[in-house]
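Let's walk through this model together, piece by piece. Keep the viewer open as you read.

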Amino acid sequence: MQNTKSLAFFIDPSRCIGCEACVNACAECETHRGYPMIHVDYLDRSRSTATVPAVCMHCDRPTCAEVCPADAIKKTEDGVVQSSLKPRCIACSNCVLACPFGIPKMKSELEQMMKCDMCYDRTAAGKRPMCATVCPSQALAYVPVDEIVRTRREKPVNVFFFGKERVTTKVFMMAPLSVDAFDVDIADFIWEPES
Amino acid sequence: MARRPIDESSLVERFGPHLVYEPPGGWRSEAENPAEKLVQTHCCFCGQQCGIQLKVRDNQVIGFEPWEEFPFNRGMLCPKGVKRYLQSSHPDRLLSPLMRDDSGFRSATWDEALSFTAGRLQQLQQEYGRDAVAVYGGASLTTEKTYLLGKFARVALGTRHIDYNGRLCMVSAGTAYKLAFGVDRSPNPWSDIPLADVVIIAGSNTAECSPITTDYIWRSRDRGGKLIVLDPRMTPITRNADLFLPVRPGTDLAVFLGMMHVIVRDGLANRDFIEKHTIGFNAVAESAKIWDPATAARVSGVPPEAIEKAARWFATAKRGFALHARGIEHQSKGVENVLGLINLCVATGNIGREGAGCVMITGQGNGQGGREHGQKCDQLPGQRSIADPEARAHVAKVWGVNPAEIPQAGYPALEIMEAIHRGEIKGLLSICFNPLVSLPDSNFIREALEKLEFFGVIDFFMSETAHHADVILAGSLHEEEEGVAANVEGRVIHIRQAVTPPGQARLDSQIICDLARRLGRKEGFNFREPREIFDELRDASRGGPADYSGITYEKIDRQMGVFWPCPSEDHPGTPRLFEDGRFFHADGKAHFQVTEYRESGDPISEEYPIYLTTGRVVSQYLSGTQTRRIGALVDQYPEPRVEIHPRLAKEHGISDNDWVRVTTRRSEMTLRAMVVRTIRPDTVFIPYHWPGLKSVNRLTHRTVDPRSKIPEYKVSACKIQKA
């Protein structure tokens, strides 16, 4: 883990109340005003009010960039995976299909993929990302690593398995203390006929 | 006279609500033409009163920036707060006085509109007596405006009938706190919540109606605290509850009495605290005897083991904390419900300590400050009783009048409307109140409005109620007039003026002062700016429970808010009440109150076998006069839907998204179903922010709590069928 005093981005879906303050605030960011680049989903509203906010996880080896035929998705030196570059993006949606977290969205009216860039304009100027600043449940938080470790009952994890694919990310997901990596087994999602 | 001049669709076409999505000049305008200044102020919506910075350019609000230094919300906002800036420069904004004519409304000069208003009010008072006109106020107004309005009604009009829309919000809590503690304020600052070991949330959809409070609750859980939630619905705050009490609507008191029974039975009460600091415990203990957990469970539908567990957790916690809101207060026994919860806190010594206490979650922006200084029918400034001769003498002196000139208490809000309906009150002047959407039994409210001989409105947007007005005076938005408000904690905060009113619109305080002078009051209404009103208010409040005499705008800025009471300029304010074990009653004790269980005013029956309960959604605010004009907020939850449990839905052949007719003893409405397992199977829920055929208040009833006079929005009897 990086320097514990440095600021990092944390997601705790169990705190989320589905209010969409994050989505509304994202749409107020100057570089893409009018276009929210994050979303909030109900897991299954018929059964529960549980919701989950989805911001970009900023993978260390971003699949979206690796599958891009136009080399339009760049990662900054400090690990932020940016929206597609407008002159390069061919709106093919490869990235949308490839992202293991379901983050990129094709903005068909702009013919460009846009996604969360961790408020690069704000963080570069020493401000916190808009969504994590306003989030009233702090399901999205942008705070020093040692603060989150000290104050939360869950712990930050940034290792995910999708089948045998190990993905590490700049953004942390809060997990129960017993969990060191999110091991998502594809078998859990396969449909098989009842015997 | 007060019928709508033309059909509603023409009025809506002209005055909205129209949806605004973008700031003035469009999304790109700020990039090309940046803001000139950031104004540190507060959100205009709920009682959390979150700090926010408004971006201003060319006397227009063009965006916002979080205000991370303000300690209450530290930059956090809900979607309403994020989008609140879009109410400024809105095309529906009223820009000049309007007077009714055959075509609807025409623009008028201030002189014409104010002369007409003063003239009609005087005529009605001469013909029918002083009390034939009434004044309605609002709890979104700054405290200065509410103070001025109270003085205006009692001194300039001389009517005893002034009340406000906080009557639909905080009065059950206020009445109960006064009975128990002798003062109407949340006793603890919010910074106490994370320190609590057990938190009870009773009748509060905290995550949607006061979203910022969510983080305070989660921080208590981060420390290992337990969360108990009492509600007929699993609202988003329930997702991390350690114990959920799925109470049947209208039976909360049975759960509290059941918990008190367990505390007394098992000897869990804090005898030492009770003996030193309270009176009346024995009678309460005696009254809980018949409420064993099994009996409480039969009435409330909450399992007896859950009642036992809640009682034990709360009573044995080092620090127990209770939060409550309209769920338990909007009932014909709203005061009893709150007292039932207060009794639990006092019996266990959970009051007046760090991390331990009992608080009300104030609903409206200035729900706290707006009820302290004079627009409530039975109170004078400083939260003093209008019946108290000493208080009358003090306030009369500040106002420069004879104490005998100050009228006695008038009718509360709903009774004013009932008096209009029966012809006793003929004229009404209303500011910042939309009773056609927010009062219960809205068909009755519409009939009453149509009987008015004169109806004047001060507002910034055309509300549905204002459709019935004879004259509409274009007033000021939250960001257009300086003043103070008191947030949910009793922290007095500074509302800054970010822009001046557009067009011919005027400051509310100037409209009221001008009207007072035209009514013949040359003295006492010559304030040039809100600060002068505040200085008089400080004097008027001096010595009362809500003592503001030591508060100044500068001190608020310096301290990021001042908690009242603050009796002198060198006093820092009082974040936590009762720390010295002394309560505000003359004997210094907390007073236990015996609570009696009784049925709702609209009981279920064979014909109407289902409970109907009403409430709010996160993206809309109250009657929607402001939030139904903001595109993103409307898109998030465009129209009311009825929440139905799958078991009940199946009984009636209803699937998700089907049209459903909901009928009560008053009226019916048809809306789409939302079939969810998060509501009791004997209950349906409809949010209330919409007018006309989408208004659930056509279905609610006019029963009120006998002491607080709050309507019973949370419990009606209904039947449902697939439409």
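B:Ile458 has B:Leu473 of β18(B) as its bridge partner. Strand β17 (residues 454-459) of chain B runs parallel to strand β18 (residues 471-474) of chain B, and four bridges link the two. Strands here are DSSP runs of E with at least two residues, helices are runs of H or I with at least four residues, and both are numbered from the N terminus. Two strands count as paired if DSSP finds at least two bridges between them.

Both strands belong to an open sheet of seven, in the order β5-β4-β18-β17-β16-β6-β7 (chain B), with mixed pairing. At its edges are β5 (104-107) and β7 (162-164) of chain B, each pairing on one side only. On average, neighbouring strands of this sheet are turned by 20° against each other, direction ignored. Helix α5(B) packs on the sheet and touches β6 (133-137), β7 and β16 (427-431) of chain B, and its direction makes about 175° with that of β6(B). Angles run from 0 to 180 degrees between N-to-C directions, and axes are lines fitted to C-alpha atoms, for helices over the stretch in contact. Two residues are in contact if their C-beta atoms, placed from the backbone, lie within 7 Å.

A word on the source: this is a predicted model, in which local features need pLDDT of at least 70 and side-chain atom pairs count only at pLDDT 80 or more, while totals for chains, interfaces and linings use all residues. Residues are numbered from 1 along each chain as its sequence is written, and chains are lettered from A and ligands numbered from 1 in the order in which they are written.

## A three-stranded sheet

Chain B also has an open sheet of three strands, ordered β19-β20-β21, with antiparallel pairing. β19 (483-486) and β21 (562-563) of chain B are the edge strands with a single partner each, so one side of each has no neighbour in the sheet. Strand β20 (residues 491-495) of chain B is joined to β21(B) by two bridges, and B:Arg491 has B:Phe563 as its bridge partner in β21(B).

## Helix pairs

Helix α5 (residues 143-157) and helix α20 (residues 508-518), both of chain B, have axes that come within 10 Å and cross at roughly 10°. That makes α5(B) roughly parallel to α20(B) (angles under 35 degrees; over 145 is roughly antiparallel, 65 to 115 roughly perpendicular and the rest oblique). Residues from α5(B) in this contact include B:Leu148 and B:Phe152, and those from α20(B) include B:Ile512 and B:Ala516.

In chain B, helix α17 (residues 413-421) packs against helix α19 (residues 442-451) at about 60°, with the axes 8 Å apart. This angle makes α17(B) oblique to α19(B). B:Met417, B:Ile420 and B:His421 of α17(B) meet residues of α19(B), among them B:Phe444 and B:Ile445.

## Domains and the partner chain

For chain B, the domain assignment, which is automatic or from a database, gives domain 1 (1-162 + 368-385 + 393-399 + 409-587), domain 2 (187-360) and domain 3 (610-722). The C-alpha centres of domains 1 and 2 of chain B lie 34 Å apart. Where these domains touch, 16 residues of domain 1 are in contact with 14 residues of domain 2.

Between the chains, 36 residues of chain B are in contact with 28 residues of chain A. On the chain B side, α8(B) gives the most, with five residues.
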